[in-house]
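Hello,

Here is the structure I promised to pass on.

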Amino acid sequence: MDIAALRSANPDHWNKATAIRALTLDAVAAANSGHSGMPMGMADVATVLFEKHLKFDAANPDWPDRDRFILSAGHGSMLLYSLLHLTGYRDMTLEQIRNFRQWGAITAGHPEYGHAKGIETTTGPLGQGISNSVGFAMAEEMLRARFGRKLVDHYTYVIAGDGCLMEGVSQEAIGLAGRHSLGKLIVFWDNNNITIDGKVDLADRTDQVKRFRASGWQVLEIDGHDPDAIDQAITAAKKSRKPTMIACATHIALGHAAQDTSKGHGALTDAGQLAAAKEAYGWPYGPFEVPAEVKSAWEAIGSRGAEDRKAWETRLSEASEQRQKDFARIFARDVPKNLSARIKALKKQIAEEHPKVATRKSSEMVLEVVNPIMPETVGGSADLSGSNNTQTGDMTVFDVDNRKGRYVHWGIREHGMAAAMNGMALHGGIRPYGGTFMCFTDYARPSMRLAALMRIPTVFVMTHDSIGLGEDGPTHQPVEHLAISRATPNTWVFRPCDTVETAEAWEIALRSTETPSVLSLTRQGVATLRTEHRNKNLTEQGAYVLADAEGKRQAILMATGSEVEIAMKARDLLQAEGIGTRVVSMPCMELFADQDEAYRKRILPGGPVRVAVEAAVRQGWDRWLCGERGREAKAGFVGMDSFGASAPAGTLYEKFGITAEAVADKVKSLL
């Protein structure tokens, strides 16, 4: 690559782009860690995008109608950090750049949502950013249909590399974007033909251009170092009704001795090579030094959107008072004032009628109450709508000709669905929830983890939550998935025992502003156990006494979901023999763990035998069985220690020994 020719052809552009390359080299060298090559190769694309197209205001980074920029190739985080610093984001100081990858710095090894303004999503695992972007673009379409172009009209831009496109989730994402004609989604492919191990053809021969076109995208191919070509491609992309992939032919680690090699992907820290690269760039400045005229030019780019933002604020102020309130409420993630009253009314109705229904049906009953008063909710299912019960009567289907639709047919794409839901939540103004079978949390798992890491309130509706789904067999029967979800920090896992607890779980999930929820729901019908109406949300405490011992308390049964009914029947058997038994329903272990010790002690006092009942593996239960004043010698578990089998649900519970009689026998063996 002729660096001298690039410098002389567009000197102003070159200097701005070189500031990104130089800061990247300095930060990675100082940390002796990081990925230099991608920021050096994509600096030209990023410079043109920010200078001539991206609608943003560095002084007001949370402006709702800004364009979104997502660095899906998150290992190249110094590209984003450099852009934020250069354009004048207040929190991205030069000191933060100097402390790249160090303790306490906001400049983590990969962009972390919440660490700094301007980071729209966490992009460490490859493929997540481009998949999130589909949710961002869908949210923009939905909100534009609701509020009009005067308030919502922006683009989502993504930089993705070969790694993002190799990860399987990317196909789910691009298939969705093409199907829904998300014309305001523009992806730049950093086409440098290099991965960590070597050239791409070591592992892949996919024709990415044909792949995207086959998925319904417009594809443009350009020289990723030609600013005029980059500008023209973005201009053309913005005019398309299809999502656009711009294939940018680039050189990884441009201008460095490691250019166009796998070594260029990683940390370029050799002092001599670094100095030689800067000399080739015509950059005679010290470490972390950006000349005043270049920094000033970048800051002008950062303030360019202020006029657009002010015009938008004027348009918002001219909207009706109710419209302004609605817009502010949904972006603040506030629930409507009447949500609590609607939930209480439903709970009262259920307590009086005590239907026997599956909790997946209970969830639908709650959503029938919630969705009409929360127009920001967007539901969906991974081709299991009739099984997950996630679509309510007031919801039409989101499609090319119905952008006001609030229900998404995700297709058989759990991974892409979960990632796109995260994108919706991150965009703001949308409360996404989506369903699949609980055993397929395995497919949604990477995005579920990232929702927890990013502290966003995505709701994952996981039905068919145990061997109780019956004949479909062990491939579809989750036994370890509750433990996996409960092991994830900052996640609420709800396994409600009836419709009342399901309503309470939904209320908590919808009130959450920074914790995702997993709703584990049954296929089989369960009795209403909460037949005495209480206004108080007992599920909010995580666990509570559903039925107390009569006489001396000798045993405590703890259970969740469909097994609470089994525990109640076991209590009847034990009480008939004079064994005083308390039943504790524990719909959310995480919320119970958050209660103060005095409350936990009231629910789980020391002394009695403790037995937990759950049609899943024991992992996660020992804290409540053996800790919290419990003793291993007086603790037992009735549940699964193997995979399930194909048979009717009742047969499976009997054969695997999850019955009231088995629970009662377990208690008596421990007394």
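In these notes, a residue is called buried when its relative accessible area is under 20%. Please keep in mind as you read that this is a predicted model.

By that cut-off, both Phe-437 and Phe-440 are buried. Their ring centres lie 6.1 Å apart with the planes at 15°, so these two rings are stacked. Trp-492 and Phe-494 are buried as well. Here the ring centres are 6.4 Å apart and the planes stand at 70°, so this pair is edge-to-face. Across the whole structure, the search turned up 18 aromatic pairs. There is also an aromatic cluster, made up of Phe-50, Phe-56, Phe-69 and Tyr-89.

Tyr-155 deserves a look of its own. Which lysines lie over the face of its ring? One is Lys-184, at 4.0 Å from the ring centre. The other is Lys-238, at 5.8 Å from the ring centre.

Helix H2 covers residues 11–31 and helix H11 covers residues 271–281; their axes come within 11 Å and cross at roughly 175°. An angle over 145 degrees counts as roughly antiparallel, and H2 and H11 are therefore roughly antiparallel to each other. On the H2 side, the residues in contact are Trp-14, Thr-18, Arg-21, Ala-22, Leu-25, Asp-26 and Ala-29. They meet Leu-274, Ala-277, Lys-278 and Tyr-281 of H11. Sorted by class, this contact has seven nonpolar residues, one polar and three charged. If you wonder about the spacing along the chain, an α-helix has 3.6 residues a turn, so residues three or four places apart point the same way.

Finally, have a look at helix H8, residues 169–179. Is this helix mostly covered or mostly open? Mostly covered: eight of its 11 residues are buried. The buried ones are Val-169, Ser-170, Ala-173, Ile-174, Gly-175, Leu-176, Ala-177 and Gly-178. Among the elements covering them are helix H6 (128–147), helix H7 (162–166) and strand S3 (185–191). Helix H9 (208–214) and helix H18 (414–427) are also included in that cover. Just after H8 comes Ser-181, with a positive phi of about 50°.

Happy browsing, and do write back with any questions.

Best wishes

Notes. Residues are numbered from 1 along each chain as its sequence is written. This is a predicted model: local features need pLDDT of at least 70, side-chain atom pairs count only at pLDDT 80 or more; totals for chains, interfaces and linings use all residues. Side-chain values use heavy atoms; hydrogens and water are left out. Axes are lines fitted to C-alpha atoms, for helices over the stretch in contact, and angles run from 0 to 180 degrees between N-to-C directions. Helices (H or I, at least four residues) and strands (E, at least two) are DSSP runs, numbered from the N terminus. Angles under 35 degrees count as roughly parallel, over 145 as roughly antiparallel, 65 to 115 as roughly perpendicular and the rest as oblique. Contact means heavy atoms within 4.5 Å. Ala, Val, Leu, Ile, Met, Phe, Trp, Tyr, Cys and Pro count as nonpolar, Asp, Glu, Lys and Arg as charged, and the others, Gly among them, as polar. Rings of Phe, Tyr and Trp (its six-membered ring) pair if their centres lie within 6.5 Å; planes under 30 degrees apart count as stacked, over 60 as edge-to-face and the rest as tilted. Buried means under 20% relative accessible area, exposed over 50%, partly exposed in between (1.4 Å probe, protein chains only). A charge sits over a ring if NZ of Lys or CZ of Arg is within 6 Å of the ring centre and within 35 degrees of the ring normal.
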